[in-house]
Structure formats: C-alpha cells, structure tokens
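Here's a quick tour of the protein on your screen. Have the sequence and the model open side by side as you read.

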Amino acid sequence: MESCCPKKCSPPPSQMNCIIQRVSPLLELGEGPHWHQCTQSLYFVDIHKKKINKYHPETSCYTSATIDCCDPSSFIIPVDNQSNTFLVGLGPAIGVISWDGCSNRAEYRYLKTIDKTPGNRLNDAKADASGRLWIGKSMGPELNDNSGHYHKCRGSLYSVDFDGTVTKRLTNISISNGMAWSPDNKLFYYIDTYKYAVEAYAFDLASGNICNGRVIFDFRCKNITGDPDGMTIDTDGNLWVACYNSDHIVKINPNTSTVLMTIKFPAYQITSAAFGGPNLDQLYVTTASYRTTDAQKTKLPYS
C-alpha cells in the first residue's frame with residue numbers, strides 16, 4: 001500500500017489561508033480522502049452510494065465510478081507501483097479495484113474478509129510509513145430505530161501486513177475512525193468516536209505494535225461540539241480532527257491538548273480531512289448529508 005508518511009503527504013503551514021471551495025457534487029456520506037502524490041489527485045468515497053471519486057486540482061476535473069457490488073465502499077487507497085490499482089473497503093472485506101480514473105464503472109474483486117462479526121463493516125483505513133494497512137472493523141450496523149446510533153463495542157482495529165497476515169490491535173471499538181502517525185513514527189493517534197477523545201499509543205514501525213494508550217485530547221472536557229471523526233496530521237505534529245454532527249474541523253496540539261484553530265464549513269456533517277495539492281498545503285475535507293434534516297440542509301446546503 002502507498003504509505004502515509006507525514007513527510008510525503010501532510011504538510012501544514014502555520015497560518016492557513018481559509019478560502020473554502022467546493023470541488024465535488026454533493027455526497028451522501030463522503031469519507032476517506034487520500035492524496036495520491038504520483039497522479040496529483042485526491043481520491044475519496046461516498047460510502048452508501050458505493051462510489052469512488054477522484055479530483056485533479058490542476059485541471060479542476062472531478063470524476064467518479066460506481067462499484068457494482070452489494071457492499072458499501074468505505075475507503076480507497078492507491079497501491080504503490082501499480083497504476084490504476086486501489087485497495088477498497090467492501091463491507092466486511094478488503095477488495096482490490098482497477099480504475100482508470102475516467103470510467104463510470106470500476107472492476108473489483110474481494111481479497112480478504114477481515115472479521116466475520118455479523119453486520120459489521122469496515123470503516124476508516126490508512127497505510128503507515130512502511131505501507132502496512134491499518135483498518136477499523138468496527139461499525140456495528142445502524143440500529144433499526146432510524147436514530148443513526150450504532151451498536152457499541154462490537155468492533156476491533158486491525159493491521160494487515162504485506163503477506164496478508166491480519167493482526168488484531170485493539171478490541172471493544174464502537175466506531176473506528178481517525179488514524180495518524182507522529183512525524184517521527186513513535187506515536188500512533190487513534191479515534192474511537194464514542195469515546196469522544198483522541199488517544200495516543202506508543203508505536204513501533206518495524207513490528208506495527210502499539211501499546212500504552214492514553215487520552216491526549218478529550219472533546220467533552222474541552223467543550224468541543226460534534227463527534228470526533230476522521231483525522232490527519234501536519235509536519236508540525238498538529239492534528240486536524242473532523243467533527244461529525246457539527247460544521248467544523250479543529251487543529252489541536254497533541255502535546256499540550258490545546259486547540260490551535262477552528263475552521264467552519266458551510267456543511268453540517270464533517271467526516272474527514274487530508275492534506276494535498278502540488279505543495280501539499282491544501283486541506284481537503286469530506287462532508288455528508290446522511291441523516292441531516294431538511295432544516296439543516298437549508299441552513300448548510302453543502303452538507
């Protein structure tokens with residue numbers, strides 16, 4: 001898998017020029033932005049619509065394709081040194097697709113089912129600096145009361161090595177979301193949304209082992225509205241956390257647990273973020289209209 005080494009794909013200027021521009025049509029559940037350095041393109045998904053999306057900023061070209069399968073598509077990550085080849089989340093499994101970035105259909109095949117817990121599906125996924133895949137198999141099925149809530153503590157966090165070995169790293173996860181690694185690869189940052197916090201674990205890049213988890217930022221103690229969702233890191237080591245059920249993203253210093261910046265968007269459900277662009281100084285943010293009310297859509301039409 002293509003690594004997400006911060007030196008390669010997440011730069012931050014200390015001061016952001018906050019000009020917000022919409023670069024795709026409206027999405028139901030936009031997620032998983034991933035900047036691909038080789039093609040200078042952003043890839044992301046619309047989970048329930050089973051769509052993969054591509055945006056090329058140099059040409060302002062947006063394209064999408066539907067994966068013709070019965071499972072939701074939860075992430076898309078380019079495979080290193082294999083053009084037009086991507087790993088994707090297909091329900092409870094990892095799949096591989098071939099997509100030229102132009103066609104409206106993508107060929108796919110299933111590679112490996114990660115966990116057979118009935119009803120669960122994969123959610124957020126990223127590759128570490130070695131290319132090892134990390135993936136949360138934690139989204140318990142939406143409850144039948146149409147509340148948008150999920151069964152808690154039914155999932156786990158896994159890593160997948162190059163030989164296909166799957167290792168369970170964390171258990172009792174409710175909604176597996178943001179992942180990031182410190183610039184020196186000594187820490188792994190992680191979000192289980194229903195903990196309303198960002199955690200940090202000691203991380204060993206060679207083995208992939210994590211240990212000694214601790215809360216480094218508590219949303220409720222800091223009075224941050226919304227639920228912590230996707231996350232990225234910049235080269236200063238600051239975390240950018242998307243706030244679901246809210247209209248903003250927060251930049252935090254994980255060493256001091258302080259909020260450095262809040263950026264608001266004309267959208268209600270902020271799902272994830274990634275740095276990209278030719279100079280890696282553009283912050284791409286995905287949003288969702290999933291379960292928003294008519295009043296919310298009227299007030300914030302770009303959800």
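## A loop residue to start with

Gln 40 comes out at 24% relative accessibility, so it counts as partly exposed (buried is under 20% relative accessible area, exposed over 50% and partly exposed in between, with a 1.4 Å probe and protein chains only). You'll find Gln 40 in the loop between strand S1 (30–36) and S2. Its phi is positive, about 50°, although Gln 40 is not a glycine. Most residues other than glycine have a negative phi.

Asn 172 is another non-glycine residue with a positive phi, near 55°. This one sits in strand S12 (residues 166–173).

## Ground rules and overview

This is a predicted model, where local features need pLDDT of at least 70, side-chain atom pairs count only at pLDDT 80 or more, and totals for chains, interfaces and linings use all residues. Residues are numbered from 1 along each chain as its sequence is written, and side-chain values use heavy atoms, with hydrogens and water left out.

The protein has two helices and 22 strands (DSSP runs numbered from the N terminus: H or I of at least four residues for helices, E of at least two for strands). Of its 303 residues, 58% count as buried. Among contacts with a separation of 6 or more, 46% are between residues 24 or more positions apart; a contact means heavy atoms within 4.5 Å. The protein exposes about 13000 Å², and carbon and sulfur atoms supply 47% of that (Shrake-Rupley method, 1.4 Å probe; for residues, only the protein chains shown count as cover).

Is S18 buried or exposed? Six of the six residues of this strand (residues 239–244) are buried, so S18 is largely enclosed by the rest of the structure. Leu 239, Val 241 and Cys 243 point one way, Trp 240, Ala 242 and Tyr 244 point the other way, and all are buried. In a regular strand, side chains alternate between the two faces of the sheet.

S18 runs antiparallel to S17 (residues 227–233), with five bridges joining them; strands pair if DSSP finds at least two bridges between them. Across that pairing, Met 231 stands opposite Val 241. The S17 and S18 hairpin has five residues between the strands, and Gly 237 there takes a positive phi near 85°. S18 is also antiparallel to S19 (residues 248–253), through four bridges, and Ala 242 has Ile 249 of S19 as its bridge partner. The hairpin of S18 and S19 has three residues between the strands, with Asn 245 at a positive phi near 60°.

## The largest pocket

About 830 Å³ of space lies in the largest pocket. A pocket here is an open set of points on a 1 Å grid over the protein atoms alone, with protein on both sides within 12 Å along at least five of seven lines, and lining residues have an atom within 4 Å of a point. The volume is the space filled by probe spheres set on the points, which are joined across faces, edges and corners. Of the 30 lining residues, the closest to the centre are Ile 20, Gln 21, Leu 283, Tyr 284 and Val 285.

Strand S2 (41–46) and strand S22 (282–288) are the elements that give two or more residues to the lining. S22 supplies the largest share, six residues.

Conventions
1 Å grid on protein atoms, 1.4 Å probe; cavity = no way out; pocket = protein on both sides within 12 Å on 5 of 7 lines; lining within 4 Å.
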